[in-house]
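I set out to record what I looked up in this structure. The entries below follow the order in which I consulted it.

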Amino acid sequence: MIILEDVIVKYGTNPVTIALNKISLKINQGDWITIVGSSGSGKSTLLNVVGGLLPLTSGAIQISGLDLAQLNNNEIQELRRNTISYIYQDFKLFNQYTVLENIIVPQLPYQDKKNLITKAKHLLTSVNLDHRTNHFPTQLSGGEKQRVAIARALLSEPAILLCDEPTGNLDSENTDVIMQLIKATHSKGITILFVTHDQKLIHYGNQILTMRDGNIKEHYIHETNDKKK
Ligand code: ADP
Ligand code: ADP
């Protein structure tokens, strides 16, 4: 359902950095692909092009049969709103909004508010944060912030969850909690792209992609009928 064909992304003009150097990749619905590689190898760029956040220098990306290059800005925004969600190492919560507001704010212009609040409360229960509904991000621990970010990411019922080192700022206990939540998300059939530096997290998922200098250095695909792991 995600197909990258000879994707090249360059930054700058003088000097030019080739962040992705002709990457081809096929990711099926329900896959979990772990992306590893040293800093600067192109991992974030790869997530950002799949997320429709960055134009390609050349090549093509298809998501659910849609060629990203053929979409206008509104259609890209719509794809990001309905199909693709992100979680980040630094959570990216809005400090001026409560937990509940953080979860509904991105969808508020597009959906009924009451309905969103009902859904957000369900999600808060599922990430074990009912008791934090009206708190502000500054009152939360890192693990709690990431749980809020996960609830926000899932509100749109996305097909794809892009994870950019989501446990990078967390201790091992909170890392376990977040990994269990991502596993639960994956078991509902959501495709996971997961960037990490953490060797302990690499075994999650059925594809492991090792990047180096914008190239795929190694690509391990574990074919399985049991995607739950
Ligand atoms: P990683 O996520 O693996 O650390 P990135 O995708 O962030 O790698 O970066 C890949 C390469 O592109 C690096 O050489 C980085 O310095 C360069 N790069 C990333 N973003 C930009 C940018 N906005 N402008 C110029 N160069 C960039
Ligand atoms: P912008 O495109 O200007 O960043 P948005 O309203 O799209 O503004 O999003 C604001 C912030 O909300 C984003 O930076 C991101 O942290 C968060 N956000 C929006 N949509 C999502 C989503 N689907 N999944 C996770 N975080 C999201």
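This is a predicted model: local features need pLDDT of at least 70, side-chain atom pairs count only at pLDDT 80 or more; totals for chains, interfaces and linings use all residues.

Residues are numbered from 1 along each chain as its sequence is written, ligands are numbered from 1 in the order in which they are written, and side-chain values use heavy atoms, with hydrogens and water left out.

**Entry: the largest pocket**

I found 19 residues lining the largest pocket, with Arg-80, Arg-81, Ile-84, Ser-85 and Pro-106 nearest its centre. Helix H2 (73-82), strand S6 (84-88) and helix H5 (142-154) each give two or more residues to this lining; helices (at least four residues) and strands (at least two) are DSSP runs. S6 provides the largest share, four residues.

**Entry: ligand 2**

I listed the residues around ligand 2, meaning those with a heavy atom within 4 Å of it; among them are Arg-80, Ile-84, Ser-85, Pro-106 and Arg-152. I then looked up polar contacts, pairs of N or O atoms within 3.5 Å. A nitrogen atom of ligand 2 lies 3.0 Å from a polar side-chain atom of Ser-85, and a nitrogen atom of ligand 2 is 3.4 Å from an N or O atom in the Arg-152 side chain. Ligand 2 taken alone exposes 530 Å², of which the protein buries 60%, by the Shrake-Rupley method with a 1.4 Å probe.

**Entry: ligand 1**

Which residues lie around ligand 1? I recorded Tyr-11, Thr-17, Ala-19, Ser-38, Ser-39, Gly-40, Ser-41, Gly-42, Lys-43, Ser-44 and Thr-45. Oxygen atoms of ligand 1 figure in each contact I noted: a polar side-chain atom of Thr-45 is 2.5 Å from one, and a polar side-chain atom of Lys-43 is 2.8 Å from one. Taken alone, ligand 1 exposes 560 Å², and the protein buries 58% of that. H1 gives the largest share of the shell, three residues.

**Entry: strand pairing**

I checked pairing, which requires at least two DSSP bridges between two strands. Strand S1 (residues 2-11) runs antiparallel to strand S4 (residues 58-63), joined by five bridges, and Ile-8 stands opposite Ser-58 in S4.

Notes: On a 1 Å grid over the protein atoms alone, a cavity is a set of points where a 1.4 Å probe fits but cannot get out, and a pocket is an open set with protein on both sides within 12 Å along at least five of seven lines; lining residues have an atom within 4 Å of a point. A polar contact is a pair of N or O atoms within 3.5 Å; within protein, one must be able to donate a hydrogen and the other to accept it, and residues adjacent in sequence count only if both atoms are side-chain atoms.
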